[in-house]
Amino acid sequence: MRLSKKNLQYEFIKELYDYCIQTQNLNLLQQLISTRERIILSQFEGGTIGNLEYLFSTSEAANILGKQPCSSLPKIYFHIEQLAIKFFGCLLKCSTEFEIFKLIHKPNMVLNHDSETVSKNTTSTIIDEKYHYELVPDISEDERYFHTEFSDQPLPLSDAIVLINIATFVKEHKWYEMLNHLDISSKGEHFILYQYTENNLYPTIISSALIQTTSNKHEWLFFDGFFQNTKWKPNLESDGLLSLTKATSMTPLTRSQFIDKTSDEIENDLFYSILDKTKVCEAIRLTISGSKSKANYHLYLAQKGLAMALKESGRDAVFTIIEKPAMVLFYKAMNLLAPTQSPYVFISEQDVNKTGIITYKGIWLLKNASSAFNQYSFKAYNANIISLRKKLRNQ
């Protein structure tokens with residue numbers, strides 16, 4: 001009996017995993033991809049072109065991958081590369097599935113707890129009757145297990161969040177660069193939104209986000225070189241600046257001080273003008289899980305829970321990057337209704353992938369954001385989004 005494509009892919013990944021275990025080299029595919037990336041880049045003048053997805057889809061890559069062995073790597077690497085392309089059509093897709101397999105098949109043992117002995121966090125806050133949210137100081141030290149929509153069995157919290165990040169950002173959005181930085185999602189402070197459902201002993205994660213303090217600002221995505229260059233267009237307005245100065249203690253600033261400054265200069269000026277850095281953080285890698293019919297509702301709950309959780313932790317402001325149209329439209333609608341009490345201060349923007357979807361960098365003001373989400377139900381939240389979308393279309 002012939003195996004289906006999915007079964008062939010699974011058998012190949014399983015054999016590759018067993019080989020990597022035997023050779024104690026679970027990073028084999030990442031080594032192969034990094035080496036191939038350098039070789040492909042050498043075909044272009046200037047040495048850099050697009051992201052990994054684009055680079056590996058070029059004609060230059062097609063002439064190399066699976067066709068030209070690499071002299072700096074063992075011969076078996078080329079054989080693995082050829083099989084990966086045969087079964088997945090792309091080395092990057094194969095690597096993504098391999099990382100998912102690694103997580104799901106880690107030697108974690110879930111004991112047969114009964115419903116009375118499964119640990120529940122009594123410090124979580126309930127939102128909308130049946131959802132729980134909390135800030136976990138370090139997910140690598142949390143021993144609880146959670147369900148995700150991407151695995152049949154529950155996983156330790158840190159593994160569950162990494163799996164969701166791979167499935168959401170890498171597999172769905174093709175941000176393959178994240179495969180080299182998965183450790184960031186396996187530790188540190190995280191926000192989680194989850195739900196207990198009938199017939200499931202363990203809760204299901206609905207949303208998660210990584211929280212980074214100013215002590216590791218050098219690791220912030222907000223200030224990464226990719227997000228600080230001349231392609232970003234400044235869009236800070238006077239009302240937004242006034243909202244920021246009212247929301248947190250900072251050195252007085254005026255809009256005129258930013259005339260002729262680049263977006264990265266403005267962003268750094270704003271950051272260093274904030275006097276108490278303990279009240280500031282970065283929130284990234286916001287994920288939303290669940291059925292498509294509930295996606296907008298879960299996004300609403302995630303924003304509301306995250307704003308409230310960070311505010312309750314003593315924070316005033318959050319540096320973050322957003323591009324989900326619903327989020328952007330809601331914050332713009334709120335800014336129009338209360339210009340000097342903005343929930344989100346827009347600082348710069350760019351059409352990163354040249355798709356017409358604008359990515360925005362800005363500062364989330366937690367007091368204003370919490371107030372907005374407490375004031376507007378999900379129905380009213382949607383009404384504001386739809387209303388502004390109609391106005392923009394008629395302009």
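Buried here means under 20% relative accessible area, exposed means over 50%, and partly exposed is in between, using a 1.4 Å probe on protein chains only. The model is predicted, so local features need pLDDT of at least 70 and side-chain atom pairs count only at pLDDT 80 or more, while totals for chains, interfaces and linings use all residues. Residues are numbered from 1 along each chain as its sequence is written, and side-chain values use heavy atoms, with hydrogens and water left out.

**View 1. A338, in the loop between α11 (325–337) and β10.** With a relative accessible area of 23%, A338 counts as partly exposed. Helices (H or I, at least four residues) and strands (E, at least two) are DSSP runs, numbered from the N terminus. Go 308 residues along the chain from A338 and you get to Q30; the C-alpha atoms of the two are separated by 48 Å.

**View 2. Helix α6 (residues 91–104) against helix α7 (residues 157–172).** Their axes come within 10 Å and cross at roughly 165°; axes are lines fitted to C-alpha atoms, for helices over the stretch in contact, and angles run from 0 to 180 degrees between N-to-C directions. That makes α6 roughly antiparallel to α7 (the label for angles over 145 degrees). On the α6 side, T96, E97, E99, I100, L103 and I104 meet D159, V162, L163, I166, V170 and K171 of α7, with contact meaning heavy atoms within 4.5 Å. Sorted by class, the contact has seven nonpolar, one polar and four charged residues. Nonpolar covers Ala, Val, Leu, Ile, Met, Phe, Trp, Tyr, Cys and Pro; charged covers Asp, Glu, Lys and Arg; the others, Gly among them, are polar.

**View 3. Helix α2 (residues 28–41) meeting helix α5 (residues 75–88).** Here the axes come within 11 Å and cross at roughly 90°, so α2 is roughly perpendicular to α5 (65 to 115 degrees). L28, L29, Q31, L32 and R36 of α2 touch Y77, F78, I80 and E81 of α5.

**View 4. The buried residues of helix α9 (residues 263–273).** S263, I266, E267, L270, F271 and S273 are buried. They pack against β7 (233–234), α8 (238–247), β9 (317–322), β10 (344–350) and β11 (359–365).

**View 5. C20 and C281, two buried cysteines.** C20 has 1% relative accessibility, and C281 has 0%. A disulfide is a pair of cysteine sulfur atoms within 2.5 Å, and by that rule the count is zero. For C20, the nearest cysteine sulfur belongs to C94, 9.8 Å away.

Conventions: Parallel < 35°, antiparallel > 145°, perpendicular 65-115°, else oblique.
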